[in-house]
Amino acid sequence: MDATPTYEMILVETPAEGVGLIRLNRPKALNALNGQITAEIFTAMEAFDRDPTIGAIVLTGSDKAFAAGADIKQMADTDAVTMMSGSDFTDWSRMSRIGKPIIAAVSGYALGGGCEIAMQCDLIIASETAQFGQPEITLGILPGAGGTQRLTRAVGKAIAMEMCLADRRLTAQEALQYGLVNRVVAVDAYLNEAIALAQKIASMSQIAVRLTKDAVNKADELSLTEGLQYEKKNFYLLFGTQDRQEGMSAFIEKRKANWQHK
Ligand code: CAA
């Protein structure tokens with residue numbers, strides 16, 4: 001059995017049934033993402049992904065800063081070869097292998113890598129003070145964790161170009177208008193809103209949720225024909241599960257489904 005990991009830069013909780021919560025906890029650096037904190041985030045996500053009692057994950061920071069980007073002080077002393085070596089600092093592919101939905105609860109600064117890690121989540125709940133930006137150009141670099149790709153897909157080329165080339169920041173309301181976030185709520189409510197949404201997702205069949213997330217994410221990568229085929233295979237696969245039988249029986253018998261997650 002795996003030893004329970006210990007964390008120094010994140011806090012890990014289960015605030016509601018079926019919900020795993022990860023809080024970034026580097027307040028003095030506005031939750032800047034260095035190698036250690038990203039490794040801890042991904043390790044905690046993987047642990048929740050393996051935990052059968054957890055149905056959805058929430059990632060949050062503080063009210064002031066979700067995350068102010070990759071750690072500039074750590075990057076200042078690095079070189080191209082180190083960056084290319086696939087360290088925890090640069091290799092965020094571990095997060096794309098998490099099968100359970102991840103909801104970002106974003107307040108304050110979501111800049112650079114902070115905006116990118118939020119966009120790598122499946123849903124984003126923003127507080128009224130959330131600010132999204134890709135200021136890497138001001139450092140003489142460019143977004144290196146998906147900013148040029150996920151942002152462009154989310155908000156379109158015109159806004160993404162302005163954000164990446166001219167350090168345009170989006171307010172929470174603008175992020176909502178451009179489709180980057182799901183909703184904007186008051187600062188004292190955004191985390192509870194995200195936890196409630198996670199709880200709702202956690203009340204579904206985990207196997208159906210996993211295959212649904214997988215299919216929606218494929219829409220960014222495949223042609224429509226390939227995507228429809230992919231969707232159909234996941235759809236057929238669910239017809240082999242006990243939960244599909246249970247969900248349909250529960251509907252017909254007018255009762256709540258009792259999921260087995262099988
Ligand atoms: N890396 C390292 N430290 C950071 C940081 C970062 N990204 N952002 C903030 N900090 C640190 C500051 O250095 C400061 O530390 P000290 O007290 O030791 O000086 C502390 O956090 C508080 O920051 P400020 O005093 O600057 O706070 P502020 O309220 O005046 O400003 C801010 C807040 C506008 C977010 C400003 O801190 C800022 O501009 N941060 C950098 C944002 C940025 O450029 N992010 C992109 C990083 S590159 C990237 O992310 C690459 C990628 O694609 C993966």
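How many residues does helix H9 have, and how far does it reach from its first C-alpha to its last?

## Helix H9

In this predicted model, helix H9 spans residues 190-202 and has 13 residues. The distance from its first C-alpha to its last is 18 Å, close to the 18 Å expected at 1.5 Å a residue.

Which residues of H9 are buried? They are Tyr190, Leu191, Ala194, Ile195, Leu197, Ala198, Ile201 and Ala202.

## The shell around the ligand

The ligand is surrounded by 22 residues, and the closest are Ala70, Ile72, Gly113, Glu116 and Glu136. By class, the shell has 12 nonpolar, four polar and six charged residues.

Three elements each supply at least two residues of this shell: helix H2 (72-76), strand S6 (109-111) and helix H5 (113-120). Helix H2 gives the most, with three residues.

## Backbone contacts and burial of the ligand

For Ala68, a backbone N or O atom lies 3.0 Å from a nitrogen atom of the ligand. A polar backbone atom of Ala70 is 2.8 Å from an oxygen atom of the ligand. For Gly113, a backbone N or O atom lies 2.7 Å from an oxygen atom of the ligand.

Taken alone, the ligand exposes 980 Å², and the protein buries 65% of that area.

Note on methods. Residues are numbered from 1 along each chain as its sequence is written. This is a predicted model: local features need pLDDT of at least 70, side-chain atom pairs count only at pLDDT 80 or more; totals for chains, interfaces and linings use all residues. Side-chain values use heavy atoms; hydrogens and water are left out. A residue is near a molecule or strand if one of its heavy atoms lies within 4 Å of it. A polar contact is a pair of N or O atoms within 3.5 Å; within protein, one must be able to donate a hydrogen and the other to accept it, and residues adjacent in sequence count only if both atoms are side-chain atoms. Accessible areas come from the Shrake-Rupley method with a 1.4 Å probe; for residues, only the protein chains shown count as cover. Helices (H or I, at least four residues) and strands (E, at least two) are DSSP runs, numbered from the N terminus. Ala, Val, Leu, Ile, Met, Phe, Trp, Tyr, Cys and Pro count as nonpolar, Asp, Glu, Lys and Arg as charged, and the others, Gly among them, as polar. The expected span of a helix is 1.5 Å times one less than its number of residues. Buried means under 20% relative accessible area, exposed over 50%, partly exposed in between (1.4 Å probe, protein chains only).
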